[in-house]
Amino acid sequence: MRFMAAMLAATVVLPSAAAYATDLEVTHWWTSGGEAAAVAEFAKAFDATGNKWIDGAIAGAGSTARPIMVSRLTGGDPMGATQFNHGRQAEELVEAGLLRDLTDVATRENWKEIIKPASLLDSCTVDGKIYCAPVNIHSWQWLWLSNAAFETAGVPVPKNWDEFVAAAPALEKAGIVPLAVGGQAWQAAGAFDVLMVAIAGKDTFNKVFKDKDADVAAGPDMARVFKAAEDARRMSRGTNVQDWNQATNMVITGKAGGQIMGDWAQGEFALAGKVAGKDYTCLPGLGVNEVISTGGDAFYFPVLADEEKSKAQEVLASTLLAPATQVAFNLKKGSLPVRGDVDLAAANDCMKKGLDILAKGNVIEGTDQLLSADSQKQKEDLFSEFFANPSMTPEDAQKRFAAIIASAD
Amino acid sequence: MTGQAHTGRPRRLLRNLSSKIASIPMMLTAVVIFLGGTIWTVVYSFTNSKLLPRANFVGFDQYERLWDAPRWIVSIQNLAIYGALTLVFSLVVGFVLAALMDQKIRFENTFRTIFLYPFALSFIVTGLVWQWILNPEFGVQSVVRALGWTSFTFDPLYNADIVIYGVLIAGLWQGTGLVMCLLLAGLRGIDEDIWKAARVDGIPMWKTYLFIVIPMMRPVFITTLVIIASGIVKVYDLVVAQTSGGPGIASEVPAKYVYDYMFQAQNLGQGFAASTMMLVTVAIIIIPWAYLEFGGRKRV
């Protein structure tokens, strides 16, 4: 029955879509190997509706791409659709009326029911209206370990952060960098957030980032996190690469023992033909505290004057969330689908661990959802300095961290 | 003179009328875009504008935060080091090269092309090239190590204490050729007879350069100085390409702070405050100098 209905729907949709074949430029910053493979799945699915996906990839991570996207929007040269990390990055663009209200599409397709966890759609909602289509769940809280590197060093693959710290000297002796941390500022800041959830726990994380409690940020729990960050800083010496995927590549090739990076790193492992559990090991929540954040990527649709393009935007929005697209995209990307009702039998060990934690509800909101871009940037400045400058003490860093939290909005 | 001044006023307004009309668009551009934009920026630096400009005034809050930010302090220090050394080295090296070129050497054209060539490259390309040259794994360090000195260490871009000098090397390599060319043109403008007179008086060549030729080249030096100085204040792309401000925040510069806070942090107010500070710094240097230079001359 369902199949028949789908067929009928397809016959109805296809001719009309073909009649309105429209080019839609989509901007995003998915340019590493694994990411490009994933975004090609979106393009394929959208082209199949009779429209045309014009790829507007902007290289150099979100920090480079977002300013370009924002200036195109505020400068009156909107694209057909654009990626952002959902959360507060597009907040003001919505308030300024530059982005389109998708509530119609969302009600028609019943997004409220199918999107899990609900916080994803909440982050898209401003004043009860839905402004974005979430496409995946990305969690930061992963430690990726190279099994080959530990074999070379002659120590067993660690099962948690403490064992990893203990194994670091052996790795160093074998000429391996224990922890790869790329030079871009967001990587240091992200790694710190992960240490924070793993070591101080979910409550402290929420108190600091959600309630902006500066006393907790200056307190003893956070002091332990800063001590751990000092360990991480010592272990990351000698990384000497900039991009996250170059750092991941050090883990893939066994030049580094491990990397704290979001699950998007998995796409790189998959592309290199590595098998989870055999070639590499993943530890969600650093093996200490199995919690994952449910930030991710979402597509926003600028307000366009062209009616046909606006129609194509609606088609794109529903294509992005279609079950088949969700599975194909997320398998390549290494992220988790936003709908709970799709079959991910093809998922590997690491993704299954992630799905498991998600099902248990051990989730936190991502820092992009909790903090404004301004506070995030100040945090990035602090941690990129901390990780690069061994003479900066954890106590000083904590003081500055507490000041950032106190002034955060 | 006096006769002209008597009836001068209406005539002076009408003199060269067509060229005055022709320059109206440029004057409007200067006033509306440069002056207007500058005033707008200064005014909005006193607001708490985030992603979009909003006229919600908060006094000096943005400036207080700016001068509390360690990254801004580091940026200012870096600009001071980079600026002072660029000014000194590019003028000294540029002048020495120009003086050597001026000795009627063979293949002067070839040398001139070689020295000027780096200037044809953008700062982005320069930055990337020097990033590779200074990279310990494939650059100078690995070459020297391959020759046998295995303990040789030269990795300025990965050492927070000296990274700004790594940027300086690239900046000098790119800009010195232009300084050389400008000064060479200045040297060529010196009358041959002055050299002959100096030789007749038995003045040694270095003294002739130092006490006669250089003072005569004052206008060329001022032009060169302005070109170098404006390049220093706006240095941005070189740092982005070479180190992206790293390691950590060790090679940040003010222009990069402005960009990052305006667009990445979506905090226009903070970015405007930083760019206003840059303007104030330039004004502090330029205004007394311009007063001495141009205000003084009228009285002479």
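Predicted model: local features only at pLDDT ≥ 70, side-chain atom pairs only at ≥ 80, totals over all residues.

Colleague: Okay, so in what order do the strands of the open sheet in chain A come?
Modeller: The order is β8-β9-β7-β10, four strands of chain A with mixed pairing. β8 (177-179) and β10 (280-284) are the edge strands, each pairing on one side only. On average, neighbouring strands in this sheet are turned by 20° against each other, ignoring direction.

Colleague: How many bridges join β7 to β9 in chain A?
Modeller: Three, and β7 (residues 142-146) and β9 (residues 256-260) run antiparallel. You'll find A:L145 opposite A:G258 of β9 there.

Colleague: What does A:W144 touch?
Modeller: Beyond its neighbours within four places in sequence, A:W144 is in contact with several residues, including A:G258, A:Y280 and A:C282. A:W144 is also among the residues that touch the most other members of the largest nonpolar core, which has 159 residues.

Colleague: Which helix gives the largest share of this core?
Modeller: Helix α10 of chain A (residues 185-209), with 15 residues. The core lies between domain 1 and domain 2 of chain A, because both give residues to it.

Colleague: New topic: is A:V241 buried or exposed?
Modeller: Buried, because A:V241 has 20 C-beta neighbours inside 10 Å, and 20 or more is the cut-off. A:V241 sits in the loop between α12 and α13 of chain A.

Colleague: How far is its C-alpha atom from that of A:G183?
Modeller: The two C-alpha atoms are 6.0 Å apart, though A:V241 and A:G183 are 58 residues apart along the chain.

Note on methods: Residues numbered from 1 in each chain as written. Chains lettered and ligands numbered in written order. Helix = DSSP H or I, 4+ residues; strand = E, 2+ residues; numbered from the N terminus. Buried ≥ 20, exposed ≤ 12 C-beta atoms within 10 Å, placed from the backbone. Core = buried A, V, L, I, M, F, W, Y, C linked by C-beta atoms within 7 Å. Domains from an automatic or database assignment. Contact = placed C-beta atoms within 7 Å. Pairing = 2+ DSSP bridges. Axes fitted to C-alpha atoms, helices over the stretch in contact; angles between N-to-C directions.
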